[in-house]
Each structure stands twice: as C-alpha cells, then as structure tokens.
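Here are my notes for anyone opening this one for the first time. Keep the viewer at hand and go through the points in order.

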Amino acid sequence: MKKLMINSLALIFTIVSLTSCSSDSESAANPTNESAKSYTHSAAELELLDEVNAYRVSIGLNPLAIIEHISYKSSEHNDYMLATRTVTHEGFNERKTNLQAVLGAYRVGENVAYAYSTARATVNAWINSPSHKANLEGDYTHFGAAIKVDEEGKRYYTNMFIKK
C-alpha cells in the first residue's frame, strides 16, 4: 500500500512537471563567466513579440522590452525540442539560472508552443491556457522569443519573460 502511494505521488509529480507551462521564480543571480549573446530576430519572431506586447497593452499592462540574449536562450531550447521532437520545458532551470546570472533576472517565466501557423494563433492559444496566460500577464519587464521550423513546416515556439 505504501509503495503504491509513493509510486502514485511520483507519477503525479512527473505529470505536473512535464505539463507545467509556467515556472515563475524569484531568486538571486549566480555568478557566471558567460556574457549576453546577440540574436537576430526573424520577421515571424518580431511579430510574435509584438502580439504579446499588444495583448499586454490591451489589458493595461506595460509592454516588455526585448533582450536578445533571452531570444538566444529561447532559440537554444527550440533546437532541443526539434532534436527530441517534444514540446517541453525540460532544462528550464538551466535557462532560468543563465538568465539570472547573465542578465540579473530575479523572476523568470516561459511559454512554449508547437504547430501554430501564426503569431496571433499562438498568442491566442496562450491566452486561453491559464498557466500560459499567467506568464503573458505576469510582472515582467523584458522578454525574448524564438521560432524554429521542422522539416514538415511545423513551428516550435519558446517565449521567455524576466523581471530585472
């Protein structure tokens, strides 16, 4: 009975951690030797960032400022999702730690998505998901995003948020 309860709790924890779309965290930055990376946004990525800001402004929130390093880390995560053919937040703690160390972030959140054909459709899907919406409406100051396309033309999206 005890083993069944432990296995059940482990299964629930695994499911929750794999389906969580928000990992808002407040903590101090760790020292690192890594510096901020530059990133060149595609037109689709800039459209996604504009859609996020348009939504925030439409509900009375501040628009967020783009930081290229956040988009660089988002792009790295898309590379991982493409390679593993999964839509996941796996590795979020490493990305969060990097943004804390390199940018001085003390709050970090992340939204991911897959297979939406437009920025507007992606943001609308996030608005209709409570955990994604919490990130869109979160107490953040900066953000970044990346979109990667697989060989079938399906898009992988990562949108990260920070507060400095």
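1. Start with the count: the chain has 6 helices and 5 strands. Reading from the N terminus, the elements go α-β-α-β-α-α-β-α-α-β-β. Do keep in mind that this is a predicted model.

2. Now the chain as a whole. It has 164 residues, and 41% of them count as buried. If you take the contacts between residues at least 6 apart in sequence, 75% of them join residues at least 24 apart.

3. Next, look at a helix pair. In general, two packed helices are described by the angle between their axes and the distance between the axes. For H2 (residues 43-58) and H5 (residues 119-127), the angle is about 40 degrees and the axes are 9 Å apart. H2 and H5 are therefore oblique to each other, and their crossing is right-handed.

4. Which residues make the contact between H2 and H5? On the H2 side you'll find Glu47, Leu48, Glu51, Val52 and Tyr55, which meet Ala119, Arg120, Thr122, Val123, Trp126 and Ile127 of H5. Sorted by class, that contact has 7 nonpolar, 1 polar and 3 charged residues.

5. In soluble globular proteins, nonpolar side chains tend to be buried together. Here the largest nonpolar core has 17 residues, and Leu48, Val123, Trp126, Leu136 and Phe161 are those with the most contacts inside it. Two or more residues of this core come from each of H2, H5, strand E4 (142-149) and strand E5 (155-163). There is also a second, separate core of 10 residues, with Phe92, Leu99, Leu103 and Ile162 among them.

6. Trp126 deserves a click of its own. Leaving out neighbours within four places in sequence, Trp126 is in contact with Leu48, Asn111, Val112, Ala113, His132, Lys133, Leu136, Tyr157 and Asn159. Trp126 also belongs to the H5 side of the contact with H2.

7. The crossing is right-handed. In this pair, His69, Ile70, Lys73 and His77 of H3 meet Arg95, Asn98, Leu99, Val102 and Leu103 of H4. By class, the residues of the contact are 4 nonpolar, 3 polar and 2 charged.

8. Last, a couple of backbone spots to check. Most residues other than glycine have a negative phi, and most peptide bonds are trans. Arg85 has a positive phi, near 55 degrees, and sits in the loop between helix H3 (68-84) and helix H4 (92-103). Ala115 has a positive phi too, near 80 degrees. You'll find Ala115 in the loop between E3 and H5. Is Ala115 buried or partly exposed? With a relative accessible area of 35%, Ala115 is partly exposed.

Key: Residues numbered from 1 in each chain as written. Predicted model: local features only at pLDDT ≥ 70, side-chain atom pairs only at ≥ 80, totals over all residues. Heavy atoms only, no water. Axes fitted to C-alpha atoms, helices over the stretch in contact; angles between N-to-C directions. Helix = DSSP H or I, 4+ residues; strand = E, 2+ residues; numbered from the N terminus. Parallel < 35°, antiparallel > 145°, perpendicular 65-115°, else oblique. Left-handed = near helix turned anticlockwise from the far one by under 90°. Contact = heavy atoms within 4.5 Å. Nonpolar A, V, L, I, M, F, W, Y, C, P; charged D, E, K, R; others polar. Core = buried A, V, L, I, M, F, W, Y, C linked by side-chain atoms within 4.5 Å. Buried < 20%, exposed > 50% of the residue type's maximum accessible area, 1.4 Å probe, protein only.
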